[in-house]
Structures are given as C-alpha cells and as structure tokens.
Amino acid sequence: MKVPMKWLKEYVDINMSAEDYASRMVMTGTGVEGVEKTGAQFDKVVVGYVVSCVDHPNSDHLHICMVDVGEEEPIQIVCGAPNVHAGMRVAAALDGAHLPGGKIKKGKMRGEVSMGMLCSGPELDVPAGLYPHIGDEGIIEIFEDVKPGTDVKEVFGLGDDIVDFEILANRPDCLSVWGLARESSAVLDEHFVMPEIAVEEAGKGTFDDYAKVEVLDDENCPRYCARVITDVKIGPSPKWMREYLYGAGVRPINNIVDITNFVMLETGHPMHAFDLSKVKEQTIVVRRAKPGEHLVTLDGKEHVLDESMLVIADKENATGLAGIMGGEESEIVDDTASVLFECAAFERANNRITARKLGVRTESSGRFEKGVCPETTMEALDRACMLVNMLECGKVVPGAYDHYPNPKAPVEIEASVKRICRRIGVDVPGETMEDILNRLYIDTTLVGEDTLHCEIPAFRLDMDGEADISEEVLRMYGYDHIPSTLMNAVTMPGFRDEKTAFADRVKAALVGMGLFEVLNYSFISPKWIEKLNLAEGDPRRKTVTLRNPLGEDTSVMRTTLVPSMLNTVAGNMNRGNMDGKLFELSRVFVPAEKAGDLPTEKTALCVSAFGEGVDFYTVKNIVVWLLAKFGVTASIEAAGDAYYHPGRKAVLSVDGVKIATLGEIHPDVASAFDIAKRVYVAEVDLDALMPLEKPFYGIKPLPKFPAVSRDIAVVVDECVGAGTMMDAIRKAAAKTLEDVKLFDIYRGDKLGRGRKSVAYAITLRAPDRTLTDEEINATMDKVLKALNTQFGAELRA
Amino acid sequence: MEKMLREIRERVLKNIEEAKASSSLEQIRVGALGKKGELTGLLRGMGKLPPEERPKMGQLVNDVRAALEAKLEERAAELAEREKQARLAAETIDVTLPGPERGAGSLHPMNIVLSKMVDIFVGMGYEVVDGPEVEYDHYNFELLNVPKNHPARDAQDTFYVEDNIVLRSQTSPVQARVMTTRKPPIRIISPGRVYRADEADATHSPVFHQMEGLVIDENITMGDLKGTLDEFARQMLGQGIQTRFRPSFFPFTEPSAEVDLTCANCKGEGCRMCKGTGWIEVLGAGMVNPKVLEMCGIDSTKYSGFAFGMGVERMTLLKYNIPNLRYLYENDLRFLTQYR
C-alpha cells in the first residue's frame with residue numbers, strides 16, 4: 001500500500017527522513033517495499049508565462065513563443081501545440097530537463113532557436129484528474145496565478161515522499177492511513193491524533209424518506225451502513241485530496257468518487273456511491289444472486305452470477321457485486337444529484353470465492369478478503385459525510401441506516417509475563433510489556449507480578465491468544481534482543497531416514513562412475529508420454545493430472561522419468577554437448593484407484609548415456625555395477641518396453657522381480673524427442689532394489705592353495721546368450737569355481753551360418769586343498785555337459 | 001709362473017677397467033675365472049710344481065683370483081649404475097602432455113547444497129523425515145492454521161489435483177504428519193520437492209526444494225531458534241555470517257520472523273547482491289503457533305517449539321553465486337560439469 005508521508009504526518013509526528021522511518025517500521029514488522037517521491041519521473045519543469053506567440057515562418061503548425069520562466073529575460077521556445085496562445089500559463093521544461101521521454105536540449109527548430117519545451121500531461125506522465133485540464137488536448141494550461149519560474153511540482157502537488165508498505169496478511173488494519181499512523185505512533189512512541197468526526201446534517205426529512213435498505217444475508221453481510229447526500233454538485237476535488245490520492249496510486253476522478261476512495265485509503269473501509277435516482281424504487285437489497293443473473297460491472301464487463309454470490313440489488317436487478325465492484329447502471333455521472341453512500345462489512349470467504357470465480361479483483365475486494373473491521377464501519381461512513389461538508393459538494397440528509405444485528409464481542413486475553421518471557425527467550429519486565437501493549441492501543445493492566453489483562457481493540461482482527469501478545473511485545477521490544485542460545489534439552493540422535501540414506505548411496509555410486517545428476521520438473525506434457533509408444537493398457541498412461549496447471553506442458557505428474565531424460569539429452573545435444581552420462585533420481589506418481597486417496601509415490605532412477613565410445617554395454621555396466629555395489633546380482637534377459645531398440649534391450653530381475661530395464665532408445669522414439677543420435681537409457685526401480693541390499697559382513701579369507709585355469713571353446717547357435725552360458729558354467733562348476741571370463745567370440749565359414757564359437761577361461765580353486773587332475777576333469781566334464789544339454793553346445797574341434 | 005700370474009693379473013684388471021658393458025664383464029670373468037679360464041688353467045697346472053712350492057703358488061693364485069673378483073664386482077656395480085642412469089634418462093617423458101579425460105561425475109549443485117544442509121542439522125541431532133509430494137489439503141494447509149479461503153493461501157498459489165488434494169506447496173505437511181503421530185520431544189527436518197504455480201523466471205520455479213525444521217520440547221525459546229540458525233549459517237556460509245530476525249507473519253508460527261543472513265558476497269559491507277543492505281533474506285521461522293500444537297494433539301501449555309523453512313535453490317544461488325535460477329533446471333552439461 002502506497003502512502004504519502006504528508007498524509008501520515010497529519011495524524012502522527014514523524015520527525016525523521018522517510019528512509020529512517022521506513023527502516024524503523026521494517027524492524028517492527030511493517031514491511032516496506034521502497035520509498036519514492038511523486039513526480040520523480042521529471043525535473044526542471046517550471047511555470048512559464050507566454051508573453052507572446054507568433055506563427056513560425058517556416059511551418060504551418062509551429063509557433064514561436066517568448067516565455068517568462070522567472071529569469072531576467074523571457075526565453076524563446078518553439079511549440080507545436082494548437083492550444084498555445086499569449087497570456088497563458090504553461091509547464092515549461094528548461095534546457096537540461098529530464099522528462100519520461102528523454103532529455104530536453106536547447107536547439108533550433110526549422111531555423112528558430114528553442115530553449116526548452118512546453119509540456120502536455122502525457123509528456124510529464126501525470127494523469128488527467130491530478131490537475132484540471134491535464135487530460136485536455138495539447139499542452140497543460142495552469143489556471144492559477146502562480147509566479148513564473150515556480151516548480152510545477154508545487155503547482156501539481158508533487159514531490160512528496162511515498163512509502164510503499166507491504167502489509168502482512170494478519171494486519172489488515174494497516175491497510176489504511178489511520179491504521180499505519182496508529183502503528184507508527186506505537187513504534188515511534190508518538191501520539192496518534194485522529195480527526196474529530198462530526199457530520200453537519202442538512203435538508204428536509206431523514207434517511208428513510210429518501211431510501212430503503214434490506215439486508216437478506218446477515219451471515220455474509222454482518223454490517224451495512226448507508227447515508228444519503230442530496231443537492232450534489234459533481235466537480236473536481238480540492239488539490240490536497242487529489243495530491244493524496246495520486247500519491248497513493250489512485251487516479252482522481254470527481255469529488256464524490258474521490259471521497260469514497262479517500263475514505264477507503266484513510267480508514268480501510270471500502271465504500272460505494274450510488275446515483276440514487278438510478279436505484280429502482282430507491283431501495284437497496286443485499287442478497288444472493290439468482291442463478292444465471294446477469295450484471296454489467298463498472299468496467300463494462302458482463303458477468304453471469306450464481307447463487308453463492310452476494311450482490312447489491314435494487315428492487316429489480318443486481319446493481320453491483322457486494323464489496324467487489326459496483327454496476328454500470330448506478331454509476332456516478334456529471335449530473336448526479338443525489339447519492340447513497342454505502343459502507344459495509346462483507347464476509348471474507350464469500351467475497352474471496354466470488355472474486356476468484358469471476359476473475360475480478362479490486363482494491364475493495366482485496367480488503368474484504370483480508371478482513372474489514374465491522375466495528376468502525378459507521379465511523380468511516382461519517383468521515384465520508386464530513387468530507388462532503390468540507391468540500392461543500394452536497395447536503396448530508398439527517399439520519400443513517402445501520403444494520404448490525406450481531407455486534408462482535410470484544411476479545412480479552414489473560415497472559416502470563418513469565419510464559420511470554422520463556423517463549424520469546426527475552427526477559428522483558430511486566431511493566432514494559434504493559435507499556436508496549438498500551439502504546440499499541442491494547443488496553444492492558446498488569447495484575448500482580450505475572451498477569452497481563454489485555455482488551456483487544458476491535459480493529460485487531462488477528463489477536464486471540466497469549467502467543468499473539470508475545471509477538472506484539474517482542475516486535476516492539478525489538479527482535480534484536482533475542483539471544484542466541486542452543487536448546488537446553490535431551491540429546492537426540494540425528495540421522496537420515498533409510499530411504500534418503502539409500503538414495504544418497506545410489507547417487508554416490510553413480511557419481512563415482514562419472515555420471516552427472518540432473519533435475520527435471522515432476523510434471524510433464526501428456527504428449528511426452530504419447531511419444532513413448534506405450535501399449536494401450538500400459539499403467540504408465542494413467543497419470544495424476546493437475547486441475548490448474550501452468551500449461552499443458554506441465555499438466556501431468558510423471559509416471560516414468562524417461563521422457564524428461566530424453567528431453568534433457570535433446571537439450572544438451574542442441575547446445576552442442578554431444579557426450580554425456582546423466583542420471584535423475586526422483587519420484588514417479590501412480591494414481592490411486594479411488595478418488596480421494598493419495599497416489600502412490602515411487603522412487604525411480606533413470607540413467608542415460610550418449611556420445612562417442614558409448615554403447616549398450618555402457619548403461620548395462622552402470623546398472624550391473626550399481627547393483628553389485630549393493631551386493632545384488634540380477635539375471636538378465638533380452639526384453640523390455642517398445643520404446644527401446646527391439647534387438648538392444650534387456651530386463652534385469654532378481655527372483656522374478658523386475659529391478660531394471662535398459663537399452664538403446666528406439667530411433668522412432670528418439671526422433672520424436674528430436675534426438676538424431678543413439679541414446680542409451682536405463683531405468684531402475686529403487687523401491688524394489690532397496691530391500692535386496694546385502695550388508696557387507698566381512699571379507700572372504702585369502703586363498704592358501706593354488707588355482708587352476710582351463711580354457712574351453714564351444715560352438716553354439718547365434719541366438720544363445722554368451723552371458724547366459726556363463727551363468728550355466730557358474731552353476732555347473734559350483735563350489736570350486738573361482739572365476740569365469742569370456743575371452744573370444746568367433747564366427748566363420750567353418751562353423752556354418754548362424755553358428756558361433758565362444759571361448760571362456762575358467763579358474764577353479766578349492767579353499768582347503770590343491771585340486772587334483774581328476775577333480776578338475778570331472779568339473780570340466782560337468783560344465784561341458786551342462787552347456788551341451790542346455791544350449792546344444794559342442795566342444796570346438 | 002709368478003711372472004705369468006702377474007701378467008694375467010695386470011692384463012685382466014686392465015680389461016675390467018676398460019669394459020663398457022655388464023655383458024663384456026661376464027666374458028672377462030669367464031675368460032679368467034671360468035672353468036676353462038686362464039687362472040683356473042694355472043691352478044690345474046700346479047700339480048707339475050714341486051710340492052714345497054705348491055702352497056706358496058696356491059696362495060698367489062688365490063690372491064690374484066680375489067683381486068680380480070673384487071675388481072669385477074666393483075666394476076659391475078659401476079656399470080650397473082651407469083646403465084640404470086642411461087635407462088632413466090632414456091625414459092624421460094613429456095609431463096605436460098594431458099592425461100586421459102577426467103572420469104568423475106557430480107551431484108546436481110542443488111543436491112550438493114541440500115546434502116550439506118542436511119548434514120549440518122543431522123549433526124545437531126535432527127532426524128530426516130520424508131512425506132508425500134501429492135498431499136491432502138488437510139496437512140498442507142488446515143493443520144497449519146490456514147483454513148479454506150484464508151488469504152494466506154494467496155501467497156502460495158497451489159496446484160490442485162482434487163478438491164482436497166494438492167501438490168504440497170511447502171514441506172510443512174511433513175511436520176503436521178509428525179506432530180499428529182509422534183509425541184515430543186520432536187526434532188526433525190523435512191527436505192524435499194514443493195510446488196507453486198509460479199511461472200519460471202530468474203528467481204522462481206514452479207518446482208523447487210525446501211528444507212524445513214521442527215523442534216518441540218519443554219522450554220524451547222525463540223533464543224534457541226536464533227542460536228540454531230546462527231550455527232547453521234556459520235557452518236553453511238562460513239565464519240562471520242550472522243542472522244538478523246525481522247518480525248513477520250506466518251499462520252503456522254507466532255511470533256514469526258523473516259531471517260536475513262549476512263551477505264556472504266560483501267560480508268555485510270553492502271553490495272549489489274544485497275542491494276546495499278548487507279543482509280540477504282533467506283529464511284522464514286518462528287515459534288510454533290499454540291493453535292497448531294493443539295490441532296495436532298500436543299499440549300501447548302506443556303510444550304513449545306520452533307520451526308523454520310528455507311528454499312534450497314535460493315541457498316544454492318547464494319552459495320555458488322549463480323545469477324539465474326533457470327540454470328538449475330536446464331541441466332546443461334557445460335554448467336553441471338563445473339561441479340565435478
């Protein structure tokens with residue numbers, strides 16, 4: 001909320017710079033975004049008096065003006081505005097002036113010297129309404145008798161410091177000049193002086209003779225106050241009011257509208273002014289909208305309403321959205337003669353929901369959402385009428401309408417000095433607390449040594465317990481008094497939960513293998529899942545879908561990490577990073593069976609490798625080594641999802657439980673992700689892997705007896721897996737097998753088409769003796785027999 | 001015979017002296033001392049001498065043999081040393097040649113920082129607790145004193161999945177889950193992913209990470225909160241980093257504070273990064289609102305506690321002086337490889 005310092009100073013003494021004041025406020029809990037001056041967008045613009053004005057000899061629209069700018073001699077300025085004439089007071093930008101559009105320099109225009117520029121409203125970026133006629137065509141005419149050379153900021157009421165406050169959600173009372181003045185008075189220990197509110201009533205009859213109000217929804221409209229003004233004379237509001245409004249960021253319009261805005265800013269109560277003659281039967285009805293009811297708001301937008309929405313209506317139609325925006329129909333216009341002022345309290349939640357549904361947010365709705373104090377509604381309305389008196393723009397009809405069926409009971413809090421001190425960790429004496437609270441208009445008495453009896457003022461909607469009192473005490477006493485202590489409590493063990501610790505071990509292993517971790521969003525485009533060509537009924541097609549995503553590209557929660565990884569690879573290739581090994585460890589989301597249940601969140605790992613020297617076995621090894629790190633050996637078979645290359649994919653499982661899938665990405669899928677090169681990907685189900693981890697108990701004793709090495713070469717059909725045969729060798733050689741290594745694969749005419757020879761080096765050793773030739777031969781026979789029966793392998797001749 | 005011996009001795013010694021390689025030394029040894037060597041031949045010829053001369057000559061022959069052997073050994077050592085030096089000289093390589101590519105990978109910088117943050121609090125006796133990212137409104141908001149249609153919800157534009165299910169907008173729901181299921185003393189941290197409907201820009205991301213902490217015990221004060229965060233700041237960003245508490249508002253805590261840390265870039269002198277203030281806003285914290293304790297079934301007259309929360313990405317940008325949050329989610333290898 002922007003507040004001019006001058007306005008604040010009317011109610012509280014602030015004897016320091018705006019910047020110092022701002023930092024005092026910040027350190028006591030009132031945020032400040034910044035301090036700036038009004039009119040800072042220009043300088044060196046003064047009042048000029050046009051002494052003479054003749055046509056430019058070389059132009060059909062330029063004029064040569066001699067302008068008195070308060071210097072010894074008038075200066076010559078060339079001006080193209082149609083409304084410039086001799087005897088006029090103007091805003092003259094002098095040589096070297098900075099304007100929003102750039103710097104003004106003396107020069108020649110079509111051969112004639114020009115020492116500056118005469119300015120229009122847009123050229124100074126000041127709004128129509130700030131000063132009469134600013135909005136007119138051409139340059140600004142200053143109607144007051146001001147001495148030439150006077151800074152125009154003085155004339156327009158610019159140059160004041162504006163403090164831009166950032167009010168916290170719990171302090172709606174500070175969304176007003178009075179509220180901030182009151183808060184400032186407590187912070188600075190100065191007096192807060194509110195104007196005495198007295199309305200001068202005039203005219204015949206009373207409120208009831210002019211208008212009627214019916215409130216049909218007490219719950220959503222706890223208080224409604226109204227007054228009538230007759231003999232209204234619409235015109236500009238006085239300079240001081242325009243200056244304050246402009247400083248607060250509100251465009252001045254006319255006296256009646258300006259009064260409602262002024263009162264809203266000053267008191268925090270949003271107001272509305274109706275042209276009473278446009279209100280059918282002069283009756284205001286506060287009710288819920290009828291289903292499908294139409295309403296055109298002040299901004300010209302048409303809305304279709306529903307029954308949850310509170311409206312202000314006349315006897316026939318809805319004329320405004322309660323607390324949000326008035327209707328076009330009863331808008332104040334230049335010939336408005338009688339006005340009904342509304343000042344009401346509308347319920348937060350209903351207001352918020354309606355504003356959200358319709359997508360209309362205004363200064364007014366923002367305030368009602370945060371909370372407006374119903375206790376001071378009448379006071380605000382009377383402040384408006386007092387301003388009508390002051391501005392002499394109408395007669396305030398005697399009497400008012402005030403509907404407040406359930407006044408709020410005042411809140412009282414008993415607080416303990418000792419408990420507060422313990423909570424905040426600072427020893428603040430009871431008397432000091434009492435003083436601080438009273439400064440904040442919390443009527444407080446210290447009873448005995450420990451009890452604070454506090455009566456909470458109505459405008460403090462946020463306070464209802466001792467904790468609130470402790471915060472008030474501490475922030476005024478100063479957060480800088482909080483000591484730095486470490487808790488005096490029982491020692492507790494600190495540790496990572498098992499899942500986090502496991503994930504950390506996985507990551508450490510991958511980093512050790514030269515992989516880089518990436519981070520991707522958890523939500524992706526449903527199109528990315530499409531691109532994987534999953535089978536029709538694949539569970540990964542069923543996603544948790546966001547109701548209000550930022551866009552379609554981020555609208556469904558990931559069921560697999562693969563698409564994000566492919567996108568990351570594509571992004572890197574685009575940037576010329578042609579080699580890489582990456583991983584992401586994150587969650588995937590499986591929708592719940594039943595609405596209202598949370599989805600299942602699984603921990604997944606995705607690895608990718610691409611570039612020179614990288615092939616299927618690169619990712620295979622990454623996964624096999626990772627598993628080995630956790631003492632897990634998986635069996636591998638040629639299988640996997642359709643988004644992998646049909647001949648280069650594998651599934652790793654342990655006891656029938658799938659742990660990982662890996663392979664080369666199918667070229668169709670790669671190209672769907674704009675990848676032109678080969679990419680290898682592996683997916684590991686970490687939730688499945690975690691329980692398989694074998695703790696490392698200790699070492700195997702080192703061998704005491706010699707090992708024997710035997711090589712064999714067998715011929716098999718091409719389709720037999722060399723790795724599968726290795727598993728068979730391990731099984732057949734059993735106890736005495738120490739190691740088996742593949743050392744050669746040979747294909748040739750002698751073997752026949754579709755046949756290959758595979759050679760293994762087998763090392764045998766017994767822990768307790770030297771193996772005899774008979775034992776070794778028996779083992780090798782077993783191996784060969786196993787290979788022969790399982791794979792039709794024949795010993796290569 | 002004596003003369004012959006002397007002649008052999010002189011000649012062989014000279015040959016040894018002139019030998020250029022270990023291999024020629026061996027030839028010399030064989031020629032003189034080998035089975036068919038000259039000296040061996042002489043010894044064999046001793047039988048022809050009169051018996052009384054034999055011992056004397058035997059002595060002489062043995063003296064010559066010993067002298068030659070000593071010389072051979074000496075020369076062999078010399079040559080071996082020379083040959084070793086020559087080999088070493090020949091083995092000189094270009095040490096400026098680059099070795100093979102560096103093989104190390106790295107964690108993502110955000111996780112490097114998160115891991116450090118977790119380490120600091122684990123060291124102070126905190127347990128890491130995990131929770132769902134897709135969460136009930138009840139835990140994400142209501143138990144944290146943010147009822148439906150409360151304006152405080154505006155501050156965190158939330159993604160909805162169903163009426164009562166959201167993508168958690170903070171990691172605080174983990175705290176709510178812990179408070180409703182455990183008894184004090186509680187001392188936990190909950191790091192993790194959170195989601196807010198903010199468009200990505202230099203300082204925002206719709207997905208980011210937070211780490212929140214919660215302590216509930218008897219006699220916990222706001223001073224303990226400050227002490228804890230002071231210790232965290234020192235360990236995280238270095239000696240001389242302090243905290244500054246400013247009053248603030250969070251529905252979950254009362255009193256609440258925005259916590260600034262000394263700008264690590266200028267050490268509090270004031271610079272462009274801290275907009276000249278010497279402080280950088282990093283954390284939100286406060287004493288757990290007694291209403292929250294009560295809602296979660298904890299006796300607020302007996303127990304008090306503090307809570308704090310911070311954005312991990314923000315800390316990462318600060319720690320590594322990264323100018324734009326987008327870097328963290330672009331996964332550009334030219335960025336990531338700088339962390340290995």
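In the predicted model, 15 residues of domain 1 of chain A are in contact with 14 residues of domain 3 of chain A, two residues being in contact if their C-beta atoms, placed from the backbone, lie within 7 Å. On the domain 1 side, the elements that give two or more residues are β1 (2-4) and α5 (177-188) of chain A; helices (H or I, at least four residues) and strands (E, at least two) are DSSP runs, numbered from the N terminus. This side of domain 1 of chain A comprises nine nonpolar, three polar and three charged residues. Here Ala, Val, Leu, Ile, Met, Phe, Trp, Tyr, Cys and Pro count as nonpolar, Asp, Glu, Lys and Arg as charged, and the others, Gly among them, as polar. The C-alpha centres of domain 1 and domain 3 of chain A are 27 Å apart. Domain bounds come from an automatic or database domain assignment, which places domain 1 of chain A at 2-38 + 160-188 and domain 3 at 207-403.

Between the chains, the contact takes 76 residues from chain A and 72 residues from chain B. Helix α8 (residues 222-237) of chain B supplies the largest share of the chain B side, seven residues. By class, that side of chain B has 38 nonpolar, 18 polar and 16 charged residues.

Chain A contains 22 helices and 40 strands, and its C-alpha atoms fill a box of roughly 130 × 90 × 55 Å along the principal axes.

Residues are numbered from 1 along each chain as its sequence is written, with chains lettered from A and ligands numbered from 1 in the order in which they are written. As this is a predicted model, local features need pLDDT of at least 70 and side-chain atom pairs count only at pLDDT 80 or more, while totals for chains, interfaces and linings use all residues.
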